[in-house]
Amino acid sequence: MVDALLALLATLGALAATGLLIQRASKDRLLYLIAWSFTQVGLTLALLSMGVGFLAGYNGLLFRVMELGAALIGPVWLALGMIELIARYVQVRFAAWLFAISYTVVAIVILILDPLKGSLSKSLPKPGDTYDALPLLLIDGAHVVAVLALAGCTGVTAWLASKQDQEAAELLIPVALVALAGVLVVSGTRGFLPAPLAVIALGAAAGLVWYGAMRTIPVYDEEGYDDYEDEPATGYEEQGYAPASRPEPVPAPTPPPDQRRGELRFPEPSSEELRFPENTSIPVPEQPAYPESPAPNPAGPTAVDGIGQSPLAGLARQGALGGELANACGQITVYTLLDGRESAFDRLAADLVKAALAAEPETLIFASHEVVGAPTQRIFYQMFRDEAAFAAHRRQPHLQRFLAESRTHVIATNVIELKLGAAKVPLPAPEYPGR
């Protein structure tokens, strides 16, 4: 009776954790949360089966549900979610999903169809006394793979954190908690623990999975979404074209709108970045900045004078910046970030810009913008000398590393490719003798 009561209490706790995790997974649509939701469902069904078995006695259905949920689906999909969270290469994540799905399907078919042996009672059955060799081999394989994957992901995260990887340092504690949950799941389903300890192990594992998942994503302020209802109407509604069925809003005092809403600005640089080399050896010319009466060109106005033709053509003849822009192309990338991930994304963006400055001489402009009034948006503006420079940029290892490491911070991405048309570009400084 005590075992049944303990199992039912653990079931209620696991059910609450499962509901919260599924709600979060449906909102954020992150694959590792979806995988851990399967783990939570399996653990909840296993605990429910244990509670019913302690009360009414075990049968083939309750035993199979317990083994499928806690011994197979629980550890396998827990390890899959961990790999999805940690792995920075899409090939690794794809292989993990392929293995987990195929292994789960094959094992479920065998565990359901394989006949049971022995008799079942109200005591917790042991897999070794009830299953034949093949189902036991599949369960053992799931446990070995899960333990190795969880231990490997934890070790890699700890190693990256020791190398000053900010993202790994933030994930270290949640990863350790989820790995501990995997150890508890395996321990509670091997048949080595007495019934009360097995129930406690599975219940604690469900709680650790939920808590670890919550630590890997930002906690949203649910009340903050109500603020959008108080914003003034925009667009057609502002001009009086609101639908007739909509009731008239009650006027309420609102703060004045931000006049800079939608304005782009550069992120504030740190004081360490505002260091310019001092150079006092540059001679200052005594003549005025521009000649008072430049000598006329006897051949008439030409592109060299910058008169009579387009500014880009004149600059191209002079070999200045306009020449570099003659075949220029560009790209605008708009990132929508998860709330609370702005700082982590900005650190990755700063590293990307530094790498582009050092290794991409054909990249003319690479700017990361914040959007005033939209703190979760970032806009990259990039301009390249030509299509070859653009193609070379796409192959850079620092760009691939940025795309892999930033994906956990980004909800949506919008890419706009550009061709340079009419433009105003900086003119080159005039050359003077002795300068």
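## Exercises on helix packing in a predicted model

What covers the buried residues of α1 includes α2 and α8 (195–215). The model is predicted, and its chain comes to 13 helices and five strands, with buried residues making up 39% of the 435 residues.

**Exercise 1.** Determine whether the distance between the ends of helix α1 agrees with its number of residues, and state which of its residues are buried.

*Solution.* Begin with the length: helix α1 covers residues 2–28, and at 1.5 Å a residue its 27 residues should span 39 Å. The C-alpha atoms at its ends are 39 Å apart, so expectation and model agree. Next, list the residues of α1 that are buried, which are Ala4, Ala7, Ala10, Thr11, Ala14, Ala17, Thr18, Leu21, Arg24, Ala25 and Asp28. In reading that list, recall that an α-helix has 3.6 residues a turn, so residues three or four places apart point the same way. Finally, look just past the helix, where arginine 29 takes a positive phi of about 55°.

**Exercise 2.** Check the span of helix α6, then characterise how α3 packs against α6.

*Solution.* Start with α6 itself, residues 133–162, whose 30 residues should span 44 Å at 1.5 Å a residue; the end C-alpha atoms are 43 Å apart, which agrees. After α6 comes glutamine 164, with a positive phi near 65°. Turning to the packing, helix α3 (residues 60–86) and α6 meet at an angle of about 25°, and their axes are 9 Å apart. Because angles under 35 degrees count as roughly parallel, α3 is roughly parallel to α6. The crossing of the two helices is left-handed. By class, their contact has 15 nonpolar, two polar and one charged residues. Among the residues that meet are Glu67, Leu72, Met82 and Ile86 in α3, and Ile139, His143, Cys153 and Thr157 in α6.

How values were computed. Residues numbered from 1 in each chain as written. Predicted model: local features only at pLDDT ≥ 70, side-chain atom pairs only at ≥ 80, totals over all residues. Heavy atoms only, no water. Helix = DSSP H or I, 4+ residues; strand = E, 2+ residues; numbered from the N terminus. Expected span 1.5 Å × (residues − 1). Axes fitted to C-alpha atoms, helices over the stretch in contact; angles between N-to-C directions. Parallel < 35°, antiparallel > 145°, perpendicular 65-115°, else oblique. Left-handed = near helix turned anticlockwise from the far one by under 90°. Contact = heavy atoms within 4.5 Å. Nonpolar A, V, L, I, M, F, W, Y, C, P; charged D, E, K, R; others polar. Buried < 20%, exposed > 50% of the residue type's maximum accessible area, 1.4 Å probe, protein only.
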